[in-house]
Amino acid sequence: MKKLYRYITKSFLGTFVLTFFIVVFIWVMQFVWLYVDDLVGKGLEFKIIAELLFYTSITAIPMSLPLALLLALLMCFGNLGEHYELVAMKASGISMWRSMRPLLYFSLMLSVMAFFISNSLIPIATLKWRTLLTDVQRQKLAFNIKEGVFYKDIENYVIYVDKKGKDGSHIYGVKIYDHTDHTGNTKIISADSGYMTMSPNQRNIIFTLYNGFNYTDITTDNYKDTRPFERMSFKQEQIKFSLASFDMTRSSEDMYKSYQQMMNIRQLSQSLDSLERRFDNKQENFTQGFERRWANYNSLSLPEPRTDTMMTNTSHLLRWPLLDNYEGEQRTALVNMAMSTAQNAKDNVAFNKVDLGSQTENINKHRKEWHKKFTLSIACIIFFFIGAPLGSIIRKGGLGLPVVISVVFFIIYHLISTICERMAVFGDLNMFLGVWLSSLVLMPVGLFFTFKATTDAALFDGDSWKKFFQRLFKRHKAPELSVPEP
């Protein structure tokens, strides 16, 4: 048995490692295509790009691990069934369940490892990925002046080049607008030609200009009246521009640490406790404040009603606050006060409704992330009970049918998870049900496939299903009545 288990495990591990890295590579390529505009043309160092792709590959593990496990199990047991190795095992008295045992142990260990990955590794990688991606998105494009376009990426300068040489360094029809004094277009440099070179330390770009003029509007106290103007010609002039603004600055990770995706279970529990206490206090303060305002409104001193309507009977005591008991100005004041009070109460209710709704959504997001720390582990077990028995049933190896089946099941799992989780966050579905519904749907499917595989049931045999329905309809068919002969 040890040799058999070693053979099955060896056949599975190679396929699993290969499929896992293929799936991770696909997710990373999807990220590259999604953010290609933020990566290209900014002169990023290879180290920065490699670091970003590394963190991206780690954040792709929750999506890649279950799919790779399902595909590897389908291919492994499909190959064993296609080459009649499973038939040989059964003929030797080894049941399907015993042949699945080593990979079940592997899946259980993988699910435990997946929990630690979700709880410890994924939050750190997500935090670093999000921070680094934000820095990359803020990074300016590399220095690249285009013909006939005003270039504004160098701080306090606007550069215009009418034409560039074929080598990309020589420039013609140059205009440089100097805004270092923050007084508008008061300093302009114009030149017929020139060329651009980088400084030896690559920190500055040097413009060497030929045959031009320096135009300056002198801004004195009464310059708007006298309009003093200065023009200086030159045959050659050098201007150095600093490229410090093109350097990538690394932001602090503290600005994203409060996001629920960057927390482990302990941090999520602490944050949830604080958020729920804050929500309860907010709700209690709103209720008490509303009651206090209502008591204040009841204690307001109203103007005395008209004396000519004063009555001593009970009906007057009930009617005295009515508007018809007051004069015109008093009546207008009462109406305005009532409308202002009602509007303030309405605005207060609307504001607190939005605020409490936002806090509820934030709490639900934290609860969702808390549950999702366990879903990856359970998904590994569920996909084992789907992949291993289904591979032995279809008996097809390779990358054909197993890929199609694994992708279909993974899409079903992912769609149910995404839709139900969003419904749970917005309060349309219970949080536990929203996060775990995909697992609750696919677990019976996996157990059904396992039962069919271990009992040698012909799941995809058309004749067996035909006989099943024939027996089913025959069982429900009404019996024929025998008519006695006369």
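How do the residues of the lining of the largest pocket divide into nonpolar, polar and charged? In this predicted model, in which local features need pLDDT of at least 70, side-chain atom pairs count only at pLDDT 80 or more, and totals for chains, interfaces and linings use all residues, the lining divides into 17 nonpolar, 13 polar and seven charged residues. Residues are numbered from 1 along each chain as its sequence is written, and side-chain values use heavy atoms, with hydrogens and water left out.

Two or more lining residues come from each of α1, α3 (46–59), α4, α6 (96–138), α10 (328–394), α11 (401–425) and α12 (431–454).

Helix α1 (residues 2–34) and helix α4 (residues 61–82) pack at an angle of about 140°, with their axes 8 Å apart. The two helices are therefore oblique to each other (angles under 35 degrees count as roughly parallel, over 145 as roughly antiparallel, 65 to 115 as roughly perpendicular and the rest as oblique). Their contact has 20 nonpolar, four polar and no charged residues. The axes of α11 and α12, by contrast, come within 6 Å and cross at roughly 155°, and these helices are therefore roughly antiparallel.

The whole structure contains 22 aromatic pairs, defined by ring centres within 6.5 Å, with planes under 30 degrees apart counted as stacked, over 60 as edge-to-face and the rest as tilted. Among them, Tyr-195 and Tyr-210 form a tilted pair, 6.3 Å centre to centre with 35° between the planes. Tyr-195 lies in strand β3 (residues 187–198) and Tyr-210 in strand β4 (residues 204–217), so the pair ties together parts that are 15 residues apart in sequence.

Definitions and conventions:
Axes fitted to C-alpha atoms, helices over the stretch in contact; angles between N-to-C directions. Helix = DSSP H or I, 4+ residues; strand = E, 2+ residues; numbered from the N terminus. Nonpolar A, V, L, I, M, F, W, Y, C, P; charged D, E, K, R; others polar. Phe/Tyr/Trp six-rings, centres within 6.5 Å; stacked < 30°, edge-to-face > 60°.
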